[in-house]
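Welcome, and please open the model in your viewer. We will take it one selection at a time.

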Amino acid sequence: CFSHRHITGRFPDYPPENTGGSKAIFIEKHPEQVAEELAAKREAEQREKEKNGKEEKEKPAVKKPPKVGKPVVDESWKMSPSNFLSILEEGSSQYKVFWENRDNRSDFLQDHDPELIKEEEREEVEDEIRVQQVDEVMQEKLLKLKQAVDGETGARQSKAGKGEKVRAARWEKGGQSQFPARVQWWSVQTSVMSLACRTIDSLYQELAEAGLLIKVKNVNLSDYIGYYDCLRNIPRQADAQPMPSIPEVRQLVTLYGILPLGSQTVHENAPLVKSLLLAGPAGVGKKMLVHAICTETGANLFNLTPSNMVGKYPGRDGLLMLFHMILKVGRELQPSVVWIGGTERLYAKGAAKGEEEMNAKRLARMLPPFLRALKPKDRVLLVGTSSRPFHGNPGPFCKAFQKIILIPKPDYLTRCGKYFTCSSWLLLLFKIPLWKHYILQSGGTLTKLVNLNCLAHVSDGFTQGHIVDAVHSVLSELRLLQMSRKPLRTAEFVTSLARHDPVYKEEEEAFQ
């Protein structure tokens, strides 16, 4: 302090916490070193000003490039640089430093190393003690030193500090005219402002009692049965794209939903995806995939389907408060999934008629500000499901959802299942078909009277939901009791399946 006063003529101000606090004072420097640093800083600023002045004066004239032939455009796909490579390299270097040449022959139990733990925790403990004890004592001593030598009372306040207090006072008064435009979206109504005083538990309870925070069904992504069809690689027409397979759907749901929500590291380094749309015919398992995302990541599930919001938080003000509650609870208890079913109704063409359609229109207007309010560190994902996406206005529909995953109906291999044998390795692989899986899951017993191959052919064009409904309608409690003396037959399932309408070719083309 005296060295700084000898050079600058006054005692230094205590460094704030955002610049390191007392850490900056712990660095011991001589007066000559402080003077050299100040002089070097002034010279660097002067050189920077001269350099900027020369660049403005010596701007070269823009020359038009000579006309040449049509450039060759490389249309091949190029992979963008990976954000995870630096993490892998850091982990590899850490392994080489700490573990590669470490002799663990005497440590048979592979127990923890106390010295490594002390080294990792020492800096954290030092920072905690410095903030809680050292900074307070040093600030008090510096103030007494200023009072004794220079006669300063410490009452002088910087302009920046006064400005912060004035802004804080304005915020407490609730003056909306002083707020910037981005803050006004969340603070227009006094009811929204009152949410700042409420606890997360009370908001969580209110959303759960209103039926907007629902219980997640315990289903895993592996329960979404489906196999890769090798026939998709057969050459097709030039403008025709094959339908995606179920394994590809599982992979995309993992990449865009499960991995970013389940890992903060992946969420911060992977491309940011705030919204995801699952589109496909009714009964292909869109809702099941939403619950699978929440099960795999342990996420909360908010149900904002327009039919579920009838009579709850009416009007624009009520919906504004609801989104504020969801944003606050979702951030605090992340990961969180906000699910909207039937999203095509949000962007339906024409004026709204009933209350449900009015809720859908309001939701569509609220989604863009809600997505903008999500920060990169927030593990909150908006997931929409739609069985008729082509009925909505495509412009705002595609702007609201960054990624759209088309979910197909099950193919023949998924419905029937196959045996694969390899005589050289005596290997037997078996893919369980949907029909067999659902019949056994419902308590049924398969015999030779049930032809799974026939059921697979007959159910071409039907979805997983149709197959589940057919199995459940046949395997009632009475039918399960009669199974021992009256075995199941193929005709029973065919008759039940015929009551449903399949997915026709025109609908598949509309989805594509």
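Start by selecting Ser 275 and Ala 400: the backbone oxygen of Ala 400 lies 2.8 Å from a polar atom of the Ser 275 side chain. This is a polar contact, meaning a pair of N or O atoms within 3.5 Å; within protein, one must be able to donate a hydrogen and the other to accept it, and residues adjacent in sequence count only if both atoms are side-chain atoms.

A word on what you are viewing: this is a predicted model, where local features need pLDDT of at least 70, side-chain atom pairs count only at pLDDT 80 or more, and totals for chains, interfaces and linings use all residues. Residues are numbered from 1 along each chain as its sequence is written, and side-chain values use heavy atoms, leaving out hydrogens and water.

Is Ser 275 buried or exposed? Ser 275 is buried, with a relative accessible area of 0% (buried is under 20%, exposed over 50%, partly exposed in between, using a 1.4 Å probe and protein chains only).

Now show strand β2, residues 275-279, where Ser 275 is found. Strands (E, at least two residues) are DSSP runs, numbered from the N terminus, as are helices (H or I, at least four).

Zoom out to the open sheet of six strands, in the order β1-β3-β4-β5-β2-β6 with mixed pairing; two strands pair if DSSP finds at least two bridges between them. At the edges, β1 (213-214) and β6 (403-406) each pair on one side only.

Finish with β4 (336-341) and β5 (380-386), which pair in the parallel sense over six bridges.
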